[in-house]
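Please look over the sequence and the structure first, then read on.

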Amino acid sequence: MWPRRRTARKGGQDSDGQYVMRPDTFEGQPFAVPDKRRPPSPAARVEPVKRKWTGTLPDKFIATLVELVSVEALRNTVEALAAFHTRHTFSPHLGEAAARISDQFTAVGYTDVVRRPWSHAGHSADNVVCTKPGTGSGGPVIIVCAHYDSRMEDLGNATARAPGADDNASGVAAVLEIARLLAPVALSATVRFVAFSGEEQGLWGSTAYAAELHAAGADIYRVINLDMIGRPPEDGSVTVERDEGNAVPGNDAASQALGAVMAQAAASYTALPVKLGPIYASDYMPFEAHSDVTVGAYEGEGNPHYHRTSDKPATLDYGYLAAVTRTVLATLLSEALDVADEASSAVDLYIRDNQADTGSQPSSSPNGASPDLWVRNNDIRDGDDPELGHQTPVNGIPNYVYVRVHNRGTIALGGGVAQVRTYRCDAGDGVGWPTRFQPIGTLVIDQAIPAGGSMRVGPFAWTPHIVDRDRLLAIASAPSDHSVPDVYTGELDTDLLVRFDNNVGRRDVAPQPAGPEG
């Protein structure tokens with residue numbers, strides 16, 4: 001862990017369980033009303049090198065998962081939050097918005113979702129906190145946060161229409177989408193997804209929560225804050241915000257290192273240009289004052305709808321919002337994904353997606369006619385030669401599936417340590433993995449595959465019963481080279497899976513009726 005300075009504990013819970021802050025929470029310096037129009041220093045453009053993804057974990061897992069970010073889900077959340085007349089901290093609508101956010105966390109399977117009340121200067125509201133436990137006991141905590149309150153130019157006007165689409169339904173939408181995608185993913189650190197209230201009044205909700213966590217002795221490893229990420233500037237860039245000499249200078253280096261990870265994630269998994277700027281005027285500041293390592297994602301200055309009624313969902317670019325969400329998701333996975341690191345593995349299995357495929361990622365199109373996954377109508381034991389190539393499957397009788405597995409690694413894969421699994425699904429009923437697929441069979445690769453070599457595996461006996469489209473899928477796995485389905489139990493589109501995981505091959509077929517002779 002990075003060394004951190006503990007600040008004095010000021011404030012505490014009252015008899016109703018609310019966290020009550022004293023106005024001198026940070027040595028007599030309460031946080032000012034935030035204004036994102038006035039950065040302490042300008043952001044500067046950087047050019048991270050766009051890296052090539054490998055065919056091993058965790059790289060291909062991250063590459064696959066970030067592609068699952070849903071533009072539709074982001075848009076739906078923004079529109080739902082902006083539909084509240086206002087989400088001003090002093091408005092009764094704020095509680096309704098908190099309930100909606102809480103419900104979205106529970107809808108995707110989280111059970112530890114609470115509304116943490118706080119009180120300040122005679123006002124009370126809730127932070128919404130969703131906890132995803134890490135795989136280790138008593139480990140560090142990563143906070144991914146955004147504020148859900150909104151306001152007009154007149155800070156005290158709690159009744160005016162304030163849709164707050166960009167500021168900050170966009171950030172909340174990203175937090176909820178990241179939480180949805182990570183629900184089935186094992187992470188080494190505990191992650192707390194937090195929606196703060198009271199941000200617009202002076203970071204009241206985040207100040208209370210940071211003090212509460214540190215009073216309880218929580219080990220806060222990283223804080224990632226999302227505030228205004230839905231409306232791109234003219235150059236289309238995202239600003240990665242890092243700590244540059246605030247309350248605790250000793251955490252700057254770790255913050256800047258994490259910022260470099262986020263900048264690299266943007267370059268590797270999106271087309272976003274990247275700028276580096278300072279953290280300021282948002283909910284990471286109370287955590288920084290407790291010596292925590294903080295970063296943020298921000299669209300940059302220039303939104304003409306800032307704190308206006310015109311900050312509506314129609315003014316956002318949802319493709320841009322999705323790209324920023326992918327960047328943050330990739331950053332979080334880079335920090336906490338609990339899968340074997342196979343980067344140094346000398347074995348790399350792959351099944352070709354097309355004749356030109358060499359196992360690199362992502363593979364090129366087409367990916368529905370793998371030359372390494374084919375069907376024969378007769379059994380090799382009856383004298384058939386599988387190397388004669390693919391035949392149209394015949395319904396109602398046994399057919400025989402073969403898979404060719406290649407090793408693009410630098411050492412041989414030993415016999416008996418890897419396996420191939422085959423599946424099929426009725427393409428007319430949807431092709432989502434794994435819900436729509438039924439297993440055909442599993443075989444161990446009993447012979448060694450030399451470096452640069454390949455091995456035919458099969459036959460897998462299969463009797464089709466459909467006259468239309470059937471989708472065949474083959475997955476190769478080894479202890480030193482897992483496939484994405486080995487470590488991810490959530491739903492995946494098979495097109496996406498095949499493209500980003502070189503252990504997976506696919507062939508779409510159209511079985512035909514048997515003739516009079518069978």
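## A four-stranded open sheet

Four strands build an open sheet, ordered β17-β15-β19-β21, with antiparallel pairing. The edges are held by β17 (438-445) and β21 (504-509). Each has a single partner strand, so one side of each is left without a neighbour in the sheet. From one strand to the next, the twist averages 15°.

Some terms apply here. Helices (H or I, at least four residues) and strands (E, at least two) are DSSP runs, numbered from the N terminus. Two strands count as paired if DSSP finds at least two bridges between them.

## Basis of the model

This is a predicted model: local features need pLDDT of at least 70, side-chain atom pairs count only at pLDDT 80 or more, and totals for chains, interfaces and linings use all residues. Residues are numbered from 1 along each chain as its sequence is written, and side-chain values use heavy atoms, with hydrogens and water left out.

## Strand β15 and its partners

Strand β15 covers residues 418-426 and strand β19 covers residues 470-477. They pair in the antiparallel sense over eight bridges. Within this pair, Tyr423 faces Leu473 of β19. Asp426 stands opposite Asp470 in β19.

β15 also pairs with β17, through seven bridges and again antiparallel. Here the bridge partner of Tyr423 is Pro439 in β17. How much of β15 is buried? Eight of its nine residues are, which leaves the strand mostly covered. Buried means under 20% relative accessible area, exposed means over 50%, and partly exposed lies in between (1.4 Å probe, protein chains only). In a regular strand the side chains alternate between the two faces of the sheet.

## Helices α3 and α4

Helix α3 (residues 93-107) and helix α4 (residues 165-182) have axes that come within 9 Å and cross at roughly 20°. The two helices are therefore roughly parallel to each other. Angles under 35 degrees count as roughly parallel, over 145 as roughly antiparallel, 65 to 115 as roughly perpendicular and the rest as oblique. Axes are lines fitted to C-alpha atoms, for helices over the stretch in contact, and angles run from 0 to 180 degrees between N-to-C directions.

The crossing of α3 and α4 is right-handed; that is, the near helix is turned clockwise from the far one by less than a right angle. On the α3 side, the contact uses Ile101, Gln104 and Phe105. On the α4 side, Val172, Val175, Leu176 and Ala179 take part. Contact means heavy atoms within 4.5 Å. By class, six of the contact residues are nonpolar, one is polar and none is charged. Ala, Val, Leu, Ile, Met, Phe, Trp, Tyr, Cys and Pro count as nonpolar, Asp, Glu, Lys and Arg as charged, and the others, Gly among them, as polar.

## Backbone details in loops

Where are the cis peptide bonds described here? One runs from Leu57 to Pro58, with omega near 0°. Pro58 sits in the loop between β3 (44-46) and α1 (59-66). Another runs from Ser365 to Pro366, also with omega near 0°. Pro366 belongs to the loop between β12 (349-350) and β13 (373-376).

Met228 is a residue other than glycine with a positive phi, near 65°. Its loop links β8 (220-226) and β9 (238-242). At 3% relative accessibility, Met228 counts as buried. Ala281, also not a glycine, has a positive phi near 50°. Ala281 lies in the loop between β10 (274-278) and α8 (285-289). Its relative accessible area is 17%, so Ala281 is buried.
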